[in-house]
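Thank you all for coming; I would like to take a few minutes to walk through one structure with you. Please have a look at it first, and then we can go through it piece by piece.

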Amino acid sequence: MRVAAYQRLSAPDIEQASSLELLKHSWANRINRCRRYKCVGYYFDEGDSRAGFEKLMEAAENGQIDRIETKSAFDFIDNFGELISTVSRLNSLDPPVRVHFEVEDVTTGTAMWYHCVQFLMGYLESECGKSMERINARLTVRREREPCRI
């Protein structure tokens with residue numbers, strides 16, 4: 001299985017010349033622990049840059065990668081909607097490309113992944129509902145305090 005590593009780095013991580021080589025070595029050790037895995041690349045971004053991520057996606061879509069290893073879901077993608085969209089894009093490839101999130105210890109395409117997504121969607125839906133209730137309550141109070149002016 002061809003495995004690539006992706007990680008977003010903060011500016012202090014990049015400032016040390018040896019930092020990138022240490023990260024590559026660390027990822028190689030983690031990936032090569034499994035005999036079925038062959039490390040085929042390292043993709044890194046600094047701060048808000050997404051150039052490494054775009055190269056990773058291009059390699060995946062060109063059939064060069066079977067699995068992506070990354071530190072965490074929020075290291076991989078900035079927001080939940082984009083995460084679901086990107087994972088769906090990778091799952092639609094033939095064969096599908098799976099992503100393993102180390103911190104969360106979950107891999108896309110597994111039952112655990114789908115349970116996590118369902119839980120998060122329920123949580124977000126609940127939070128959105130609560131937010132709308134708070135907004136409506138504030139608007140009601142404001143309307144009561146300030147009579148309508150024509």
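**Strands, helices and a pocket**

Let me begin at one pair of residues: Gln7 has Phe44 as its bridge partner in strand 2. Before I go further, please keep in mind that this is a predicted model, and that every value I quote is computed from it.

To place that pair, the chain has six helices and five strands, and along the sequence they follow the pattern β-α-α-β-α-β-α-α-β-β-α. Of the 150 residues in the chain, 34% are buried.

Now to the sheet. In general, the strands of a sheet pair through backbone hydrogen bonds, and they do this either parallel or antiparallel. Here the five strands make an open sheet, in the order 2-1-3-4-5, with mixed pairing. Strand 2, residues 38–46, and strand 5, residues 106–107, are the edge strands, each of them pairing on one side only.

Besides the pair I opened with, Leu9 is found opposite Glu46 of strand 2. Strand 1 is mostly covered, with seven of its eight residues buried.

Staying with strand 2 for a moment, this strand contains Gly41, which at a relative accessible area of 12% is buried, because the cut-off for that word is under 20%. Gly41 is also 36 residues away from Ala5 in sequence, while their C-alpha atoms are 6.4 Å apart in space.

Strand 1 also runs parallel to strand 3, to which four bridges join it, and Ala4 has Ile68 of strand 3 as a bridge partner. Strand 3, residues 67–70, pairs in turn with strand 4, residues 98–101, again in the parallel sense and over four bridges, with Ile68 opposite Val99 of strand 4. Which way do the residues of strand 3 point? Arg67 and Glu69 point one way, Ile68 and Thr70 point the other way, and all of these are buried.

Let me turn to helix 5, residues 80–91. With twelve residues at 1.5 Å a residue, helix 5 should span 16 Å, and the distance between its end C-alpha atoms is 16 Å, which agrees. Its buried residues include Phe80, Leu83, Thr86, Val87 and Leu90. Why do these five sit on the same side of helix 5? They cover an arc of only 130° around the axis, and so they fall on the same side. As background, an α-helix has 3.6 residues a turn, so residues three or four places apart point the same way.

Among the lining residues are Phe80 and Leu83, both of which I named as buried in helix 5, together with others including Phe101, Glu104, Val106 and Trp113. By type, the lining of this pocket divides into eleven nonpolar residues, no polar ones and one charged.

I will stop there, and I am happy to go back to any part of the model.

Definitions and conventions:
Residues numbered from 1 in each chain as written. Predicted model: local features only at pLDDT ≥ 70, side-chain atom pairs only at ≥ 80, totals over all residues. Heavy atoms only, no water. 1 Å grid on protein atoms, 1.4 Å probe; cavity = no way out; pocket = protein on both sides within 12 Å on 5 of 7 lines; lining within 4 Å. Helix = DSSP H or I, 4+ residues; strand = E, 2+ residues; numbered from the N terminus. Nonpolar A, V, L, I, M, F, W, Y, C, P; charged D, E, K, R; others polar. Pairing = 2+ DSSP bridges. Expected span 1.5 Å × (residues − 1). Buried < 20%, exposed > 50% of the residue type's maximum accessible area, 1.4 Å probe, protein only. Arc of directions from axis to C-beta.
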